[in-house]
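Let's take a walk through a protein model together. Keep the picture open while you read, and look up each residue as we get to it.

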Amino acid sequence: MAGRFAMAASVRRGTADAPRAATRGTRAAGAARPGTIGTVPARWCASAVAVAALLCAAPAAWADPGGAPTADADGTRAAAAPQTPGRQPDVPGHREEPVVLVGVPGLLWQDITPEHTPTLWEMAGRSAIGNVSIRTATSRTCPTDGWLSVSAGQRALAAREDFGTCEAAPEPERTGSGAIIPGFDSYVRQNAASRFAAPAGSLGDTVRRHGGTTLAVGPGAALGVADGRGRVDHYLPDMRDLDERLDGVSLAAVELSDLTRLYPDVEEADPFSGDLDGPDRDDVPERDLDEALTALDGRLRTLIAMLPTGASLMVVGVSMDSGPSQLTAALSAQVAEEGPAGPIGFLASESTRRRGLVALTDVTPTVLAELGMRTDVPLNGRPWHVTGRTADTDRAVQRLVDFNTAAVVVGASIPGFFSGLVAVQLLIYAAAAYALHRYSDGQRGKRALVLSVTRIVALAGAAFPVASYLANLIPWWAAESPPVALLGCVLAADALVVALAVAGPWRRTILGPMTVVAGATTLVLFVDLCFGAHLQMNSPTGYSPIVGGRFYGIGNIAFATFATGMLMTVAGIAHVLIRRGRRRAAVPVTLAIGAASVLIIGWPGLGTDFGGVIALIPGLAVTTMMIAGVRVTFLRLAGVGVTAVAAITLLAWLDHLRPPQERSHFGAFAAQVVNGEAGTVLARKLGAMLGTLGNWQLTLLAACALVFLFAVLNRPTNWRIGALQRAYEYAPTLRAGLTGSLVTALVGFAVNDSGVAIPAIALTVAVPLTLSACVWALQQRDGGPTPEAEPIENARCL
């Protein structure tokens, strides 16, 4: 494959590798009057937005080593780079030597060592390597699921009676030199009716349509290369006589299932064990695993010796062997006289835009690109290409092991993390409600202490989401106990943000600490998006490469955090500007920050969030109108909605104009709309959104946050009026930021497949921030004369 991969010219050399981590056991209103916006601030803010867009676009282009190869000014590929599979030729090519796909269920990078797998280790040092996200149409990928996904080029699955038990692929029935898979039509029907509408057999159909031939070794491999009728041109149950059958073969698939033989057979498994992931590989004696790996490596060495010089070789962990899903290993090279070799680097694709990470569905387009063939059915993946890496094989492999460790640990921590988040937030609401009631009158000293502690705790609760991203600045995955280290890093980052919020002179103002926490949240995620969203990857509130819902851009939970932080930030900034007599600058500053946020969320390759743009624009519009003193009406909101849809349509169409292999999911969706295939995607998104209502923890969190906000903070106490209304008197722009956040959360719930998670996380940020402002307003009762309040008549909605 060396002759067809291009080195990405934009890769930065010398990137520091993550420290070593996992061992084999850790496979883890006072508003301006309408029409008073000055021209100078407006021009300044417009320039700032343009500069921000350029600054973000530039680093994203060179900081994302997983991007496509660069082009010269005339749009052609750089002369120094060979042709990449990312650009399929207009006329199908004809290979003289075969493309050989070796599928190894359960192959992980932590298993590949010089001692037990010397062939794989040597190949890793002389070729392109990477992790593979093996997520298919089911959360647990068995070998049959993986091979069918290769066959379809989409996430596919094979129905099984017990989710925790992987069933063997059917034994092909020999028909001369070839074979036919019994019951393959059931796989075709089942996947065509699935939410991904995966066309099982499309890989084999494409090879056959272009006049090529297929060969399979093993039942699983036959599933991968069979055509739509389950036929394989040549079939062998094992590798004996393989070298004699390769002549004239276009695509050969070989299954090496040595690792799966370490586990109980289907009929021996306990159906009442309650283990949805089946037997755990960590329960296998280390000696048995080492022997299986040695045998596997020996079979691969035998296979390589049979392949002709010039053959393209891909070794892929197509699934797990057992236990929960992890990231498997992938290697790509071209067979030479001295052995497999190719461009030394990390594998990447436009599907993930991550150096060293590809998706299982990328295998199909990569194979077809190597063969020079085109398919008539849409493929979910993109061809592999090669990006730079260190020449030190040990460091390169350890980097891939560390990445998998982080993914496994975060995946296992997410249920506990969100349970803890819900519990802490509910505890904050309950304690604050008790404190506001119990100490609304009484001893001044005790009341002051309780209110001060309440404010600190509220700020800590609001800073928790951004702390989960900042934690990834520290290599917690290298610790002896990564889960404990992750929690410690999150708490330390949270404490740092809170300390910054209460350390400066702004702590004496009503919105000062709130603005610092909200601003830190906005800034961290804005910069992260500019430089490749590395803090979101493998974060409890980001996205997981094992789940495979998103690999780049801004995730739905991160969007809720970012959007809420941005709207509360502009409310705080507008408050400061108005207090300083710069009322005319408040609206253009709000628009500038909001426009930059919309751009980075929606721009393909940066935020790339379709629903985020639709959700953020209405919230930003409401906040801006309330700050400007413009009455918010349903007619104006309808106009804003049309603007949001127009903006996202424009972004999607611009992305659609790019070459297919370079489009984000914006452009891919636009193509589906044009082809009349968008219904499947919309139905899947709608089903996912409605399904989130069954998440009782997040639903409870959102409901309790709203009750606390409007029933507790707004309830009159011995202070005569509700704390929320008192805070509005001191800082009317708080109402604008909070209202805009609620609007964005509501729209986000409707248009994002994360559903109730959007308002739940948005309220997790907005309500504690509002509580901190309410506490300050109540503290003024004991603090002397009340400052002059800002006019509020222009800050009301409807």
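## A salt bridge to start with

Arg-208 and Asp-227 join their side chains in a salt bridge, with 3.1 Å from N to O. This pair connects distant parts of the chain, since the two residues are 19 apart: Arg-208 belongs to helix H5 (residues 202–209), while Asp-227 is found in the loop between helix H6 (219–225) and strand E6 (231–232). Keep in mind that what you're looking at is a predicted model.

Are the two partners buried or exposed? Arg-208 has a relative accessible area of 32%, so we call it partly exposed.

In total, the structure holds 12 salt bridges. As a general idea, side chains of opposite charge can pair when their charged atoms come close. Have a look at Arg-240 and Asp-238, whose side chains meet at 2.8 Å, N to O. Arg-240 is exposed, with a relative accessible area of 61%, and Asp-238 is partly exposed at 23%.

Now find Arg-301 and Asp-297, which form a salt bridge at 3.3 Å, N to O. How far apart are Arg-301 and Asp-297 in helix H8? Both sit in that helix (residues 286–306) and are 4 residues apart, so about one helical turn separates them. Arg-301 is partly exposed, at 46% relative accessible area, whereas Asp-297 is buried, at 1%. Salt bridges can also share partners: Arg-208, Asp-227, Arg-231 and Asp-233 are joined into one network that way.

## Rings that pair up

Next, the aromatic side chains. The model has 6 aromatic pairs. Take Phe-184 and Tyr-187: their ring centres are 6.1 Å apart and their planes stand at 70 degrees; an angle over 60 degrees counts as edge-to-face, so that is what this pair is. Both residues lie in helix H4 (residues 184–192), 3 residues apart, which is about one turn of the helix. Phe-184 is buried, with 1% relative accessibility, and Tyr-187 is buried as well, at 13%.

Tyr-730 and Trp-776 make another edge-to-face pair, because their planes are at 90 degrees, with ring centres 5.2 Å apart. Which parts of the chain does this pair tie together? Tyr-730 is in helix H21 (residues 723–730) and Trp-776 is in helix H23 (residues 757–779), so the pair ties together parts that are 46 residues apart in sequence. Tyr-730 is buried at 8% relative accessibility, and Trp-776 is buried at 8% too.

Phe-417, Phe-418 and Phe-464 are linked by ring pairs into a cluster. Over at Tyr-552, the charged end of Arg-353 sits over the ring, 4.5 Å from the ring's centre.

In soluble globular proteins, nonpolar side chains tend to be buried together. In this model, the largest nonpolar core has 129 residues, and those with the most contacts inside it are Trp-476, Ile-510, Leu-734 and Leu-769. Helix H23 gives the most to this core, with 17 residues. A separate core of 47 residues lies apart from it, and includes Leu-148, Val-358, Leu-371 and Met-373.

What does Leu-734 touch, if we don't count residues up to four places away in sequence? Its contacts are Leu-511, Met-514, Met-568, Ala-727, Tyr-728, Thr-770 and Ala-773.

## A buried serine

Ser-312 is in strand E9 (residues 312–316). With a relative accessible area of 1%, Ser-312 is buried. Its C-alpha atom is separated by 9.8 Å from that of Ala-341, a residue 29 places away along the chain.

## Stepping back

Finally, zoom out to the whole chain. It contains 23 helices and 14 strands. Of its 798 residues, 58% are buried. The accessible surface comes to about 30,900 Å², and 61% of that belongs to carbon and sulfur atoms.

Technical notes
Residues are numbered from 1 along each chain as its sequence is written. This is a predicted model: local features need pLDDT of at least 70, side-chain atom pairs count only at pLDDT 80 or more; totals for chains, interfaces and linings use all residues. Side-chain values use heavy atoms; hydrogens and water are left out. Rings of Phe, Tyr and Trp (its six-membered ring) pair if their centres lie within 6.5 Å; planes under 30 degrees apart count as stacked, over 60 as edge-to-face and the rest as tilted. Buried means under 20% relative accessible area, exposed over 50%, partly exposed in between (1.4 Å probe, protein chains only). A charge sits over a ring if NZ of Lys or CZ of Arg is within 6 Å of the ring centre and within 35 degrees of the ring normal. A nonpolar core is a set of buried Ala, Val, Leu, Ile, Met, Phe, Trp, Tyr and Cys residues joined through side-chain atoms within 4.5 Å. Contact means heavy atoms within 4.5 Å. Accessible areas come from the Shrake-Rupley method with a 1.4 Å probe; for residues, only the protein chains shown count as cover. A salt bridge is a side-chain nitrogen of Lys or Arg within 4 Å of a carboxyl oxygen of Asp or Glu.
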